[in-house]
Amino acid sequence: MPAAPRRRLPVVLALVLLLVLAGVGVGVTRPGPVAGWLGDDAGPAPTAGASAEPDPSDVLAGPDPNAPLPSPDGVRAALDPLVGVADLGDRVNVSVADVTSGQTLFAKGADDGTVPASVTKLATGVTVLAARGPGYRIPTRAVAGAKPGEVVIVGGGDTTLAVDKKGYYPGAARLDDLAAQVRTALGGVAPTSVTVDGSIYSGPRYGPGWDADIPTGGYGGAITALMTDGARRDPSVGSGGAERVSEPDLAAGRSFARLLGVPADTVERGTAPPTAAAGGSSPAPGTELGVVQSPPLIRLVDIMISESDNILAEALARQVALARNQPASFDGAAAAMDAEVAELGLPAEEINLSDGSGLSRRNRISPSVLTDLVRLAASPDHPELAGIFGGLPVGGWSGTLDDRYRGAPGTGAGAGAVRAKTGTLTGVHAIAGLVTTADGRLLTFAVLTDKVPGGTDTAQPALDRIAAALANCGCR
């Protein structure tokens with residue numbers, strides 16, 4: 001059957017777009033640590049005698065509303081020699097569009113579903129912001145168990161939860177705060193056991209289509225509704241790969257037990273009892289003893305995108321499922337994200353997901369859906385979606401683009417002008433986001449390749465030359 005015609009977004013975006021983009025970081029100074037972006041204490045003041053960091057310099061100029069629009073012919077002349085190079089393989093699908101007008105400026109396989117790798121996180125960010133809203137917080141609760149002295153900790157899917165103030169994620173909710181609430185609620189009665197309830201999640205703990213080394217490779221792990229520090233064994237390990245515990249829910253439960261003075265060997269999995277009518281001197285089974293809340297969703301999306309945090313991405317995908325009353329599983333989350341994309345008015349036939357992180361090789365997204373998602377997030381009709389921009393890495397400056405657009409020939413123009421999410425699996429390289437042209441015009445672009453014959457050292461520079469060419473020209 002012939003493909004259904006693509007539904008396009010409205011082609012006129014108000015000047016509010018420029019204010020939204022400037023406010024969330026398209027026209028920004030040097031990005032700092034996540035805590036700094038979010039208004040938290042960025043850390044201790046420099047010690048005496050230490051060299052203070054100089055004032056940040058401009059990285060991305062604000063978009064110019066009067067900048068001339070590139071022509072499709074001009075963009076084609078700039079990109080045609082670059083998208084067909086051997087280093088990118090024989091399947092290079094590209095979409096380039098003007099953010100303000102929505103005009104398509106370049107399309108090559110733009111509507112073809114392609115393995116997106118971690119660029120999937122743009123879809124995860126947009127759909128969870130749409131489904132839950134940027135201010136939503138994920139709760140972790142403690143309730144009275146059915147047995148005397150039993151405390152049940154109920155995971156809600158907050159992977160950033162910390163044990164104490166030494167946690168990995170800035171501003172995270174903490175188990176020591178939850179334990180203090182429980183002790184107060186029990187009124188001096190000592191707890192005797194801890195039960196872990198992660199029943200809000202269902203299905204397998206590892207994603208469909210994940211490579212065999214992902215569970216132990218440091219960038220993925222078991223997905224459970226309760227965990228601390230993204231299941232890191234050591235929360236002091238920096239961003240990137242880190243050893244993960246194999247049973248994150250039980251590990252978190254044992255940490256909670258220690259804080260309550262309960263032997264770790266009492267921790268077991270179970271479910272919280274339904275709330276019963278209060279009576280007697282002890283809290284009735286199911287009575288809430290305490291609750292802590294994750295940072296707002298907009299902050300979690302920031303972290304997910306800036307650090308390409310796979311475990312956090314899977315948790316956010318399951319929030320889409322929960323918001324849509326679907327099972328909080330890999331299948332349920334993927335179906336809910338697909339449905340959310342359709343509800344936003346984008347072509348659902350061009351996105352087919354199996355997970356929220358992009359680790360799955362079964363995922364398929366078309367480049368034009370990605371550029372449409374970016375434009376939708378910039379639209380004044382959907383201010384709740386603008387949170388995806390704050391965490392986007394800047395070329396040659398931050399995140400996964402920190403060491404790109406620097407030394408490779410033909411890429412330098414992208415430094416400070418490209419802000420995008422990257423994706424990499426063996427044989428798969430992708431990038432999607434924003435680029436400002438030499439004339440100051442703001443474009444959105446997506447380049448997806450899933451049959452790359454060589455390695456990262458040749459594929460990434462070839463990919464980066466495409467965005468750099470857009471940054472380097474007026475393309476008129």
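Serine 71 lies in the loop between helix H2 (34–37) and helix H3 (72–83); helices (H or I, at least four residues) and strands (E, at least two) are DSSP runs, numbered from the N terminus. The model is a predicted one, in which local features need pLDDT of at least 70 and side-chain atom pairs count only at pLDDT 80 or more, while totals for chains, interfaces and linings use all residues. Residues are numbered from 1 along each chain as its sequence is written, and side-chain values use heavy atoms, with hydrogens and water left out.

The side chain of serine 71 reaches the backbone nitrogen of glycine 74 at 2.9 Å. This is a polar contact, that is, a pair of N or O atoms within 3.5 Å; within protein, one must be able to donate a hydrogen and the other to accept it, and residues adjacent in sequence count only if both atoms are side-chain atoms. Neighbours within four places in sequence left aside, serine 71 is in contact with Cys475 and Arg476, where contact means heavy atoms within 4.5 Å.

Helix H3 packs with helix H11 (residues 456–471) at an angle of about 165°, their axes 9 Å apart. Axes are lines fitted to C-alpha atoms, for helices over the stretch in contact, and angles run from 0 to 180 degrees between N-to-C directions. H3 and H11 are therefore roughly antiparallel to each other; angles under 35 degrees count as roughly parallel, over 145 as roughly antiparallel, 65 to 115 as roughly perpendicular and the rest as oblique. From H3, the contact draws on Val75, Ala78, Leu79, Leu82 and Val83, and from H11 on Arg465, Ile466, Ala469 and Leu470. These residues divide into eight nonpolar, no polar and one charged; Ala, Val, Leu, Ile, Met, Phe, Trp, Tyr, Cys and Pro count as nonpolar, Asp, Glu, Lys and Arg as charged, and the others, Gly among them, as polar.

Among the residues making the contact are Ala317 and Val320 of H8 and Ala333 and Met337 of H9. The contact of H8 with H9 comprises seven nonpolar, one polar and three charged residues.

The description now turns to the sheets. Strands of a sheet pair through backbone hydrogen bonds, either parallel or antiparallel. Five strands form an open sheet with antiparallel pairing, in the order E2-E1-E12-E11-E10; two strands pair if DSSP finds at least two bridges between them. At its edges are strand E2 (104–108) and strand E10 (418–425), each pairing on one side only. Seven bridges join the antiparallel strands E1 (residues 92–98) and E12 (residues 442–449), and alanine 97 stands opposite threonine 444 in E12. Helix H10 (residues 367–378) lies across E1, strand E11 (428–436) and E12, running at about 150° to E12.

Another open sheet of five strands has mixed pairing and the order E6-E5-E4-E3-E7. Strand E6 (268–269) and strand E7 (288–293) stand at the edges with a single partner strand each, so one side of each is left without a neighbour in the sheet. E6 runs parallel to strand E5 (residues 193–197), joined by two bridges; the bridge partner of threonine 195 in E6 is glutamate 268. Helix H5 (residues 175–186) packs on this sheet, touching strand E3 (139–144), strand E4 (150–154) and E7, and its direction makes about 160° with that of E7. Helix H6 (residues 248–260) also packs on the sheet, touching E3, E4, E5 and E6, with its direction at about 150° to that of E5.
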